[in-house]
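My entries follow in the order in which I checked things.

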Amino acid sequence: MSRRPLRPLRRGLLGALLATAAGLAWGHGSRAGELLIDHPYATPTPAGASTGAVYFRAIANQGRSADRLLGASTPVAERVEIHRSTLDGDVMRMRALEALELPPGERLLLRHGGAGVHLMLLGLKAPLRDGERFPLTLRFERAGSVEVMVWVQTPREGGAHQH
């Protein structure tokens with residue numbers, strides 16, 4: 001019996017495994033019109049926390065027209081607000097934004113830790129636990145609404161970012 005017919009099968013399985021591993025290493029993303037929404041994630045929250053945050057590796061506007069993130073919603077929280085954090089001396093301050101501008105050709109980083117923009121989850125219904133996933137619907141002015149899957153993960157550099 002020849003083993004030759006198994007070689008293409010092995011190559012196919014190896015290719016599938018490599019593609020899966022590459023997908024896990026590179027994260028996940030979605031599109032909304034000309035917007036690329038790259039790797040939405042949240043950091044774990046302690047038991048009893050009523051707030052959490054969602055971040056993105058980036059949101060890239062690959063189009064020629066500006067767009068705006070107008071809001072978001074998720075079943076894991078009562079409401080979601082767009083927040084900007086700024087460092088004022090030694091104090092981190094947050095303020096809600098009505099919308100987030102997404103200029104054409106720009107790639108905005110919305111990462112945890114330090115000053116920047118994130119989506120604040122208010123009225124969490126349960127703690128966010130490492131390894132969980134939950135849906136988040138983003139509402140854009142031009143691109144419309146898109147549902148993304150948020151992965152809860154502990155940041156590489158250590159513990160969860162606290163609000």
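**Terms first.** I count two strands as paired if DSSP finds at least two bridges between them. Strands (E, at least two residues) and helices (H or I, at least four) are DSSP runs, numbered from the N terminus.

**Ground rules.** I note that this is a predicted model, in which local features need pLDDT of at least 70, side-chain atom pairs count only at pLDDT 80 or more, and totals for chains, interfaces and linings use all residues. Residues are numbered from 1 along each chain as its sequence is written, and side-chain values use heavy atoms, with hydrogens and water left out.

**Confidence.** I looked up pLDDT, the predictor's confidence in each residue, from 0 to 100. The protein has an average of 83, and 78% of the residues score at least 70. Where does pLDDT stay under 50? One stretch is residues 6-26, for which the model has two contacts beyond four places in sequence; a contact means heavy atoms within 4.5 Å. Another is residues 158-163, with 17 contacts beyond four places in sequence. Where pLDDT is low, the predicted coordinates should not be read in detail, and I leave both stretches there.

**Strand 2 and its partners.** I began with strand 2, residues 35-42. Seven of its eight residues are buried, and I take buried as under 20% relative accessible area, exposed as over 50% and partly exposed as in between (1.4 Å probe, protein chains only). Strand 1 (residues 29-32) runs antiparallel to strand 2, and four bridges join them. I found Leu36 of strand 2 as the bridge partner of Arg31. Two residues lie between the strands of this hairpin, and Gly33 takes a positive phi near 60° there.

Strand 2 also pairs with strand 3 (residues 51-61), antiparallel, over seven bridges. Ala42 has Val54 opposite it in strand 3. In which sense do strand 2 and strand 11 pair, parallel or antiparallel? They are parallel, with two bridges; strand 11 covers residues 144-152. Strand 3 pairs antiparallel with strand 9 (residues 116-124) over four bridges, and Thr51 stands opposite Leu122 of strand 9. Strand 8 (residues 107-110) pairs with strand 3 in the antiparallel sense as well, over three bridges. Here I found Phe56 bridged to Leu110 in strand 8.

**Core.** I looked for nonpolar cores, meaning sets of buried Ala, Val, Leu, Ile, Met, Phe, Trp, Tyr and Cys residues joined through side-chain atoms within 4.5 Å. How many residues does the largest one have? It has 29, and those with the most contacts inside it are Val54, Phe56, Leu119, Leu136, Leu138 and Phe140. Elements that give two or more residues to this core include strand 4 (67-73), strand 5 (77-88), strand 7 (100-102) and strand 10 (133-140). Strands 2, 3, 9 and 11 are also on that list. In soluble globular proteins, nonpolar side chains tend to be buried together.

I then listed what Leu119 touches, leaving out residues up to four places away in sequence. Among them are Gly52, Ala53, Val54 and Phe56, along with Leu69, Val80, Ile82, Leu136 and Leu138.

**Salt bridges.** I searched for a side-chain nitrogen of Lys or Arg within 4 Å of a carboxyl oxygen of Asp or Glu, which is what I call a salt bridge. The structure holds five.

- Arg57 and Asp38 meet through their side chains at 3.7 Å, N to O. This pair links distant parts of the chain, with Arg57 in strand 3 and Asp38 in strand 2, 19 residues apart. Asp38 is buried at 18% relative accessible area, whereas Arg57 is partly exposed at 22%.
- Arg68 and Glu141 meet at 3.3 Å, N to O. Arg68 lies in strand 4 and Glu141 in the loop between strand 10 and strand 11, so the pair ties together parts 73 residues apart in sequence. Arg68 is partly exposed at 27%, and Glu141 is partly exposed at 46%.
- Arg79 and Glu81 form a salt bridge whose closest N and O atoms are 3.2 Å apart. I read 48% relative accessible area for Arg79 and 24% for Glu81.

Which residues are linked in a network of salt bridges? I found Arg68, Glu101 and Glu141.
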